[in-house]
Every structure is written in C-alpha cells, then in structure tokens.
Amino acid sequence: MNLKLVFKIGAVWLLMWAVMMLFAPDLANTYGFDLDAELKNMMQGFGVSLFSLAVMHWVLQMWGGENLPKFGQVTGAMWVVFILMQLNDIRTGMAPANAEMLVPVGLNVVIAAMFFVYSKK
C-alpha cells in the first residue's frame, strides 16, 4: 500500500457518502433526524461538498508529485477534524452511539491514520 492508494480509498469512501446524501438522504441519515424537505436539501448541499472533496482526493494523488506527502498530512488533518466533529456529536447526544454511527467513525479513523502513516514513508 502507498499514499496514492490511500487517496483513492478516501475518494471512494467520500464518493459513497456523497451519492447517498445526493440521491438517498434517508440512507445517509445516521443521526436519526426527522428528514423534512429543508434538511434533505441541506444534506444534498453537503453531498455536493463531499463529491468535491472526493474528486480532489482522486486527482490530487496524480498531481501532487513529490509534494504528495505534504498533501497527505494536510488531508489527514482534515479527516481528524471530521472525526472530532462526529465524536462531539456522539458525546453531546446529537448523534446516537450505535453501530450505524460508530462504524463509519471507526473507518474515518483508519483512513486518517493511513494518511499520516503513509505520508511519513
């Protein structure tokens, strides 16, 4: 495994969530909120943002060249911010502490760790 592959793994994971938020917000509702029209619209906006991040993850590994490890460290830090937000939501009771929420958080931790580990090589 190498850093380019980690970027691709991150891109695929983000793309999966982007597609769910854009086209199946009920499936992406890990928080268990009542999905009214406004919240679905907001989720679709977030889905566009995730899609943009997925595209950046996919192309950055092609364009980063010898600076790719620096991009990997910054990208890992971005993932940590998302993880901290999710953990805070669980801590405050905004999100349920169930498998549906904790498994994606765990996968985010693994992906963030891979960015840091493979950026050092």
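**Notes on helix packing and burial**

1. Ser 119 is located in helix H4. The model is a predicted one, and the remarks below should be read accordingly. With a relative accessibility of 6%, Ser 119 counts as buried, the cut-off for that class being under 20%. Once neighbours within four places in sequence are set aside, Ser 119 is in contact with Leu 3, Pro 69, Gly 72, Gln 73 and Met 114.

2. Asn 108 likewise has its place in helix H4. Is Asn 108 buried or exposed? Its relative accessibility is 7%, so Asn 108 counts as buried. Not counting residues up to four places away in sequence, Asn 108 touches Trp 13, Trp 79, Ile 83 and Gln 86.

3. Two packed helices are described by the angle between their axes and the distance between the axes. For helix H1 (residues 3-23) and helix H4 (residues 99-120), the angle is about 155 degrees and the axes lie 9 Å apart. H1 is therefore roughly antiparallel to H4, the cut-off for that description being over 145 degrees. The crossing of H1 and H4 is left-handed.

4. Which residues form the contact of H1 with H4? From H1 come Leu 3, Val 6, Phe 7, Ile 9, Gly 10, Trp 13 and Trp 17. These meet Pro 104, Leu 107, Asn 108, Ile 111, Met 114, Phe 115, Tyr 118 and Ser 119 in H4. By class, the residues of this contact divide into 12 nonpolar, 3 polar and no charged. Both Asn 108 and Ser 119, discussed above, are on the H4 side of the contact.

5. Helix H2 (residues 37-63) and helix H3 (residues 68-92) cross at roughly 155 degrees, and their axes come within 11 Å. H2 and H3 are therefore roughly antiparallel to each other. Their crossing is left-handed. H2 contributes Phe 46, Leu 53, His 57, Leu 60 and Gln 61 to the contact, while H3 contributes Leu 68, Phe 71, Thr 75, Met 78, Trp 79 and Phe 82. The residues of the contact of H2 with H3 comprise 8 nonpolar, 3 polar and no charged.

6. The length of H2 agrees with expectation: at 1.5 Å a residue, its 27 residues should span 39 Å, and its end C-alpha atoms are 39 Å apart. The buried residues of H2 are Leu 39, Met 43, Gly 47, Leu 50, Ala 54, His 57, Val 59, Leu 60 and Gln 61. They pack against H1, H3 and H4. Just after H2, Gly 65 takes a positive phi of about 60 degrees.

7. H3 passes the corresponding check, since its 25 residues should span 36 Å at 1.5 Å a residue and its end C-alpha atoms are 36 Å apart. Its buried residues are Leu 68, Gly 72, Thr 75, Gly 76, Trp 79, Ile 83, Gln 86, Asp 89 and Ile 90. An α-helix has 3.6 residues a turn, so residues three or four places apart point the same way. The buried residues of H3 pack against H1, H2 and H4. H3 is followed by Gly 93, whose phi is positive, near 85 degrees.

Conventions:
Residues are numbered from 1 along each chain as its sequence is written. This is a predicted model: local features need pLDDT of at least 70, side-chain atom pairs count only at pLDDT 80 or more; totals for chains, interfaces and linings use all residues. Side-chain values use heavy atoms; hydrogens and water are left out. Axes are lines fitted to C-alpha atoms, for helices over the stretch in contact, and angles run from 0 to 180 degrees between N-to-C directions. Helices (H or I, at least four residues) and strands (E, at least two) are DSSP runs, numbered from the N terminus. Angles under 35 degrees count as roughly parallel, over 145 as roughly antiparallel, 65 to 115 as roughly perpendicular and the rest as oblique. A crossing is left-handed if the near helix is turned anticlockwise from the far one by less than a right angle, and right-handed if clockwise. Contact means heavy atoms within 4.5 Å. Ala, Val, Leu, Ile, Met, Phe, Trp, Tyr, Cys and Pro count as nonpolar, Asp, Glu, Lys and Arg as charged, and the others, Gly among them, as polar. The expected span of a helix is 1.5 Å times one less than its number of residues. Buried means under 20% relative accessible area, exposed over 50%, partly exposed in between (1.4 Å probe, protein chains only).
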